[in-house]
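Work through the exercises below with the sequence and the model side by side, and try each task before reading its solution.

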Amino acid sequence: IHAAPPFPPRLVIIDLFLLHYLKEMISSPAAGLAAAFGLFMVASAHPIATGDLHGEIRGVQAHRGGLGMRPESTLFAFGYALEIGVDVLEMDTVFTKDGIPVIWHDHRIQNDKCNDTVPGANYVGKYIANLTLAQVQVKWSSQRFNSVSNASQTLDCGSQQLPKHDQAELHPRAKISTLEEVLDLIDCYGDKKVVLNLETKLDPEHANETLSVETYIDNIVPILQRRGYADRTYIQSFDWRTIVGIKKKFPKTRTVALLDDTTVTPSGHLGYAWLGGIDVRDFAGDWVKAAHSIGATALSPVHGTPSSASVNTPGYKPFTTTDVVNRAHELGMMVIPWTVDDEVTIDKLFEPGKLLTYPSEIISNYPEKVIWIGRQRGVHLGLKRNPSKPQCFSRA
């Protein structure tokens with residue numbers, strides 16, 4: 001059950017108006033009636049969520065923590081998402097050379113996201129699979145490994161503004177965190193309800209850029225089990241080999257089949273390289289049925305193409321269509337389109353009559369925007385907001 005989010009400022013203003021109108025009713029019934037009618041017209045123009053009135057959308061996912069508002073995939077991003085009350089923290093994981101899963105979207109450390117802070121290290125541009133955790137995070141100046149004062153951070157991944165996301169709050173010297181450090185953050189906040197949607201980052205067409213698929217299959221779920229997060233985590237991937245392998249080894253794991261228009265089409269001599277041995281032709285080209293055949297809990301397609309466009313963009317083509325949503329729901333799968341940022345496209349997903357059945361959740365770089373647009377549509381999204389906890393960021 002989702003707790004109601006705090007009332008927006010306009011409701012406070014309406015309450016003040018209500019006091020004024022009550023006074024008017026006492027002093028002049030006619031004038032007060034007219035004023036009350038005006039108040040009704042103002043209030044009814046912005047409906048307040050009282051439950052899901054006409055749809056099935058029931059969750060919002062903060063993409064990489066909400067990269068439109070904070071440096072992506074950092075503890076600051078996930079803290080922001082917890083504080084606005086998202087339903088799901090969406091994130092990616094890639095393994096370091098010494099076998100530690102870190103939360104990062106890219107196979108390599110990109111120069112438009114991170115800066116080297118140690119002269120001569122030149123870690124920016126290198127693949128994470130070729131760096132140890134110490135190289136990715138901290139250079140120690142002594143053998144006292146438990147002393148922060150004896151460490152210098154090797155990368156600053158919080159100082160650069162991403163193009164098209166210039167309203168994001170920067171956090172200089174933010175680091176790349178491990179999966180366990182993100183779990184520590186959630187524990188520090190004391191949030192027992194937020195769910196994780198964890199993507200395995202590897203590429204069947206460029207296998208040398210990451211550790212092996214077996215590393216992902218064997219080592220992620222045991223960490224989640226030990227930390228008590230296995231039952232509140234989905235494992236998602238474009239590379240369905242990990243979904244198939246994890247589902248076989250850990251049958252209770254909920255999995256999400258990520259896809260777009262490029263991964264469900266043949267890739268030269270590799271065939272359907274992204275689909276874990278599945279040939280879509282065996283399903284008469286129906287990739288919804290193909291995802292269901294590997295036991296996926298949810299289907300997560302791109303909202304449309306190009307993915308950066310909106311429904312108002314000339315040439316935009318919907319990918320998560322009414323037909324896709326309906327067929328997936330008929331097979332018992334959730335539908336979670338990605339990554340929906342602009343208001344008109346978000347709103348279209350809530351619009352009655354456009355979809356016979358609605359997507360289950362929405363992934364966005366601006367999760368708070370999704371929450372408020374849903375609220376305008378009478379759809380109740382989000383969990384109870386967490387209070388700010390600066391003490392949780394001592395090692396961020």
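**Exercise 1.** Which residues in H6 meet which residues in H7?

Before starting, note that this is a predicted model, in which local features need pLDDT of at least 70 and side-chain atom pairs count only at pLDDT 80 or more, while totals for chains, interfaces and linings use all residues. Residues are numbered from 1 along each chain as its sequence is written, and side-chain values use heavy atoms, with hydrogens and water left out.

*Solution.* Taking contact to mean heavy atoms within 4.5 Å, Val-213, Tyr-216, Ile-217, Asp-218 and Val-221 in H6 meet Arg-241, Thr-242, Gly-245, Ile-246 and Lys-249 in H7. Next, sort the residues of this contact by type: five are nonpolar, two polar and three charged, where Ala, Val, Leu, Ile, Met, Phe, Trp, Tyr, Cys and Pro count as nonpolar, Asp, Glu, Lys and Arg as charged, and the others, Gly among them, as polar.

**Exercise 2.** Describe how the axes of helix H6 and helix H7 cross.

*Solution.* Helices (H or I, at least four residues) and strands (E, at least two) are DSSP runs numbered from the N terminus, and axes are lines fitted to C-alpha atoms, for helices over the stretch in contact, with angles running from 0 to 180 degrees between N-to-C directions. The axes of H6 (residues 213–227) and H7 (residues 240–249) come within 9 Å and cross at roughly 45°. Angles under 35 degrees count as roughly parallel, over 145 as roughly antiparallel, 65 to 115 as roughly perpendicular and the rest as oblique; H6 and H7 are therefore oblique to each other.

**Exercise 3.** Find the disulfides and state where their cysteines lie.

*Solution.* With a disulfide defined as a pair of cysteine sulfur atoms within 2.5 Å, the count comes to two disulfides. In one of them, the sulfur atoms of Cys-114 and Cys-157 are 2.1 Å apart. Cys-114 lies in the loop between strand S3 (101–103) and strand S4 (115–116), and Cys-157 in the loop between strand S7 (155–156) and helix H5 (179–189), so this pair ties together parts that are 43 residues apart in sequence.

A disulfide also joins Cys-188 to Cys-392, with an S to S distance of 2.0 Å. Because Cys-188 lies in helix H5 and Cys-392 in the segment after helix H11 (367–376), the pair ties together parts that are 204 residues apart in sequence.

**Exercise 4.** Is Cys-188 buried, partly exposed or exposed?

*Solution.* Buried means under 20% relative accessible area, exposed over 50%, and partly exposed in between (1.4 Å probe, protein chains only). At 32% relative accessibility, Cys-188 counts as partly exposed, whereas Cys-392 is buried at 10%.
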